[in-house]
Amino acid sequence: MSTAIAQVVALAVASGLNVYATVAVLGLAGHFHLVALPDQFRAFDHPVVIGLALAMYLVEFVADKIPWFDSVWDAIHTVVRPLGGAWIAVNTVGHATPAATAAAALLGGTLALTTHVTKASTRAAANVSPEPFSNWLLSTAEDMVAVGVSYVALRHPYAAATIALTLLAAAISFAWMIVRFVRRRAARRQT
C-alpha cells in the first residue's frame, strides 16, 4: 500500500501540471509494455483513452504557450486537473477498501489542485512580462516534469514522490516570491 501512496503523490502532482500528459504516459507505458503495470492501470492503456489524452495534450501544448490565453485555459482546468488527479489516484490504489479509495481520491485531488493553483498563479504572474519566452519556458518545463515524474512513478514510486513533493514545495516558494514581486511592482506604479 505504501508503494501505491507514493505513486498517488507523484501522479497527482504531475496531473496538477498536465493531466493529459500524465494519462498519456500511463497509457503508453502500459500499451507498449514499457513497464509492467498492475491491473488497476488497464483503464489507461485503451487506444481511445491514449488517443484522447494525446489529442488533448497537443491542444494544451499550444494553449499553454499563448500569453493570457494560458490563464483562461488554467481557469477551466481548475476543475479538470484535480478531478483527473483524483481519478488517477483511485485507479492507482486499485481494489482497495472504500475508505482507502476515498482517502486516495482526496489526496490525489488535493495534491493536483495545489500543484495546479501554484502553476496557474506562476503563469499569471509571468503574463505581466512583456516577452513570451518566459511562458514558453515555463510551459515546456511543466510538460517535461509531468512526463518525467509520471514515468518515474511507474518504475521508482518513492523517488518520484520525493521528487514531486520537493518540486511542489519549490514551486510554491517560487510562486510566492513572484506574487510578492508583482504586488510590490503594482504598488510602486500606484504611487
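Helix H3 covers residues 69–93, 25 residues in total, with helices taken as DSSP runs of H or I of at least four residues, numbered from the N terminus. In this predicted model, H3 reaches 35 Å from its first C-alpha to its last, close to the 36 Å expected at 1.5 Å a residue (1.5 Å times one less than the number of residues). Even so, H3 bends by about 50 degrees at His77, the bend being the angle between axes fitted to the seven residues ending there and the seven starting there. Just after H3 comes Gly94, with a positive phi of about 65 degrees.

What about its neighbour H2? The axes of H2 (residues 47–63) and H3 come within 9 Å and cross at roughly 140 degrees; axes are lines fitted to C-alpha atoms over the stretch in contact, with angles from 0 to 180 degrees between N-to-C directions. The two helices are therefore oblique to each other, the label left for angles that are not under 35 degrees (roughly parallel), over 145 (roughly antiparallel) or 65 to 115 (roughly perpendicular). On the H2 side, Met56, Val59, Glu60 and Ala63 meet Phe69, Asp70, Trp73, His77 and Arg81 of H3 (heavy atoms within 4.5 Å).

As for the whole protein chain, the tally is 6 helices and 0 strands. The C-alpha atoms fill a box of roughly 60 × 30 × 25 Å along the principal axes.

Residues are numbered from 1 along each chain as its sequence is written. Local features need pLDDT of at least 70, side-chain atom pairs count only at pLDDT 80 or more, and totals for chains, interfaces and linings use all residues, while side-chain values use heavy atoms, without hydrogens and water.
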